[in-house]
Amino acid sequence: MDIDIKNTLMEALGITITSVTAEEVVATMPVDQRTRQTYGMLHGGASVALAETVASVGTYYLINHETEICVGMEINANHVRGKESGMVTAYAKPLHQGKTTMVWEIKIVDEMDHLICISRCTMAVIKKK
């Protein structure tokens, strides 16, 4: 799946999609000056942006592009561990694949597979007008 990220939040945050299947979406994001908060830790908002990105990509992969679009509807996140530098990886798996909504569970981990953030994102599937 080819995604044009030029001039998007994905480009600004350095998010790279590494794998897309019907069962899982995987993406990475650096922890650097673009994604840290003022105390030098990974910004929770950057983690949430990564989580919604993988849920969005996964939903897009599963819908009919001719007749449907998808948008974020709700997201929550628990930030369980700080991270100062390096790379985080998001793993998104669909929990529910309905006709009008999809629910995704997203785990964001560090290089040692330590859980950094756990999130759940609900995506709306909307018919094109």
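This is a predicted model: local features need pLDDT of at least 70, side-chain atom pairs count only at pLDDT 80 or more; totals for chains, interfaces and linings use all residues.

Student: What makes up the secondary structure of the chain?

Tutor: The chain has two helices and six strands. In sequence order, these elements give the pattern α-β-β-α-β-β-β-β.

Student: How do you know that the radius of gyration of the chain agrees with that of a compact globule?

Tutor: For 129 residues, a compact globule would have a radius of gyration near 14 Å; the chain has 14 Å, and therefore the two agree. The C-alpha trace spans about 45 × 30 × 20 Å along its principal axes.

Student: What share of the residues is called buried?

Tutor: A residue is buried when its relative accessible area is under 20%. Of the 129 residues in the chain, 38% are buried.

Student: Why is Ser 85 called partly exposed?

Tutor: Buried means under 20% relative accessible area and exposed means over 50%, with partly exposed in between. Ser 85 has 45% relative accessibility, so Ser 85 counts as partly exposed.

Student: Where is Ser 85 placed, and which residues does Ser 85 touch, leaving aside those up to four places away in sequence?

Tutor: Ser 85 lies in the loop between strand S3 (68–79) and strand S4 (86–97). With heavy atoms within 4.5 Å counted as a contact, Ser 85 touches Val 31, Arg 36 and Glu 111.

Student: How far apart are Ser 85 and Met 41 in sequence and in space?

Tutor: They are 44 residues apart in sequence, and 7.7 Å separates their C-alpha atoms.

Key
Residues are numbered from 1 along each chain as its sequence is written. Side-chain values use heavy atoms; hydrogens and water are left out. Helices (H or I, at least four residues) and strands (E, at least two) are DSSP runs, numbered from the N terminus. The radius of gyration is taken over C-alpha atoms; the globule rule is 2.2 Å times the number of residues to the power 0.38. Buried means under 20% relative accessible area, exposed over 50%, partly exposed in between (1.4 Å probe, protein chains only).
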